[in-house]
Amino acid sequence: MVLGAPPAALAAAGMPLPAEVDESGYVGALTGSPVDVVRAETNDLYVPANSEIVLEGHISPDETAPEGPMGEYHGYSFSGSKPQPVFHVEAVTYRDRAILPVCVAGTPPEENHTIWGTMISAAGLELLRSSGLPVSMAWCSYEAATCWIVVSVDIRRLARTGMTERQLVDAVAEVLFDSHTGWLVPKVLLVADDIDITDIDQVVWAMATRSHPTTGRYAFPQAPGIPMVPYLTPEEVRAGRGGKEIVSCLLPEQFEGVTRATTASFDNSYPEELRRRVVGDWAGYGFPEAGGFPR
């Protein structure tokens, strides 16, 4: 057990890589050089040479002990504990003045969401793009505790496909929900590419104003998923299925490649000359010079 792995290794550990991809090789591809390793003290395994702390030992196949309660990535700590396998530590090695890194799991955003969510986003985007779907970006909003992934749809490419909303939703579900990436994230939000999906304010605005409550929500009760999502029923947890949903925030005309309204904002509603004058005089209005002016 490595505590304090190299940053690239930590990122790869939180990424739902395909089963045939070697994680250490992937880390080397990210950094441009192989991972430096050393042989463990008590066995023939190799560990990252610049780890902070390494625990060596074995997990008992038949011995358990209570674990928890503890905070989890979804932001809740449920009462009680569960029996889990015991890890017997037989050796501890560490570098000089070692640092024990800690992730304080709980309400978002925290390190589970920033690391795990970022790498899930990258893997999800690759899946959707390689399938030929008209997708320009995918993002796990940190504020959603890795419980949704927002997918930006290129509406001009969408129009050329001739897809209906149901066809697009089913195609996205087939690609994501049958993958390791989709197993980890129970909800998918589809939005047009005029929305910056990395801006949670814009995502909330799109959900509030573009998602129809009776026609824009699609449930997939038989799709497999991670059993740790808090809203799942006991039956869904046991089955490992259910609780999966796709929410369409696409307006009807966007399937034709157009949006009938423009965004009423500072950037879109005023002439460029006026915007330049306002920004140039912003400090004179009593506001900070760097940023802070309305968009």
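This is a predicted model: local features need pLDDT of at least 70, side-chain atom pairs count only at pLDDT 80 or more; totals for chains, interfaces and linings use all residues.
A residue counts as partly exposed when its relative accessible area falls between the limits for buried, under 20%, and exposed, over 50%. Arg39, with a relative accessible area of 44%, is therefore partly exposed, and it forms a salt bridge with Asp44 in which the closest N and O atoms are 2.5 Å apart.

**Salt bridges**

- Side chains of opposite charge can pair when their charged atoms come close.
- A search of the whole structure finds 10 salt bridges, among them the pair of Arg39 and Asp44, in which Asp44 is exposed at a relative accessible area of 59%.
- Another salt bridge joins Glu52 to Arg95, with 2.8 Å between the closest N and O atoms. Because Glu52 lies in the loop between β3 (46-48) and β4 while Arg95 lies in the loop between β5 and α3, this pair ties together parts that are 43 residues apart in sequence.
- Arg156 belongs to helix α4 (residues 155-161) and Asp193 to the loop between β8 (187-192) and α7 (200-210), so the pair ties together parts that are 37 residues apart in sequence.
- Both of these residues count as partly exposed, Arg156 at 43% relative accessibility and Asp193 at 24%. Through salt bridges that share partners, Asp154, Arg156 and Asp193 are joined into one network.

- Strands of a sheet pair through backbone hydrogen bonds, either parallel or antiparallel.
- Three strands make up an open sheet in the order β1-β4-β5, and their pairing is antiparallel. The edges are taken by β1 (2-3) and β5, each of which has a single partner strand, so one side of each is left without a neighbour in the sheet.
- The antiparallel pairing of β1 with strand β4 (residues 53-67) runs over two bridges, and within this part of the sheet Leu3 stands opposite Ile53 in β4.

**A nonpolar patch on the surface**

- Val89, Val92 and Tyr94 form a nonpolar patch on the surface, and together they have about 310 Å² of accessible area.
- One of these residues, Val92, is found in strand β5 (residues 82-94), and because its relative accessible area is 44%, Val92 is classed as partly exposed.

**Backbone features in the loops**

- The peptide bond from Gly68 to Pro69 is cis, with omega near 5°, and Pro69 is placed in the loop between β4 and β5.
- A cis peptide bond also leads from Pro108 to Pro109, where omega is near -5°; Pro109 lies in the loop between β5 and α3 (111-130).
- Ala145 has a phi near 55°, which is a positive value in a residue other than glycine, and the residue lies in the loop between β6 (135-139) and β7 (148-153). With a relative accessibility of 5%, Ala145 counts as buried.
- Thr146 likewise has a positive phi, of about 60°, although it is not a glycine. The place of Thr146 is in the loop between β6 and β7, and the residue is buried, with a relative accessible area of 1%.

**The largest pocket**

- The volume of the largest pocket is about 900 Å³.
- Its lining consists of 27 residues, and of these Val2, Ala5, Ala9, Leu10 and Ala13 lie nearest the centre of the pocket.
- At least two lining residues come from each of several elements, namely β1, α1 (7-13), α2 (23-31), β3 and α3.

Conventions. Residues are numbered from 1 along each chain as its sequence is written. Side-chain values use heavy atoms; hydrogens and water are left out. Patches are made of residues with over 30% relative accessible area and no salt bridge: like charges are joined within 9 Å, nonpolar side chains (Val, Leu, Ile, Met, Phe, Trp, Tyr) within 5 Å. Accessible areas come from the Shrake-Rupley method with a 1.4 Å probe; for residues, only the protein chains shown count as cover. A salt bridge is a side-chain nitrogen of Lys or Arg within 4 Å of a carboxyl oxygen of Asp or Glu. Helices (H or I, at least four residues) and strands (E, at least two) are DSSP runs, numbered from the N terminus. Buried means under 20% relative accessible area, exposed over 50%, partly exposed in between (1.4 Å probe, protein chains only). Two strands pair if DSSP finds at least two bridges between them. On a 1 Å grid over the protein atoms alone, a cavity is a set of points where a 1.4 Å probe fits but cannot get out, and a pocket is an open set with protein on both sides within 12 Å along at least five of seven lines; lining residues have an atom within 4 Å of a point. Grid points are joined across faces, edges and corners, and a volume is the space filled by probe spheres set on the points.
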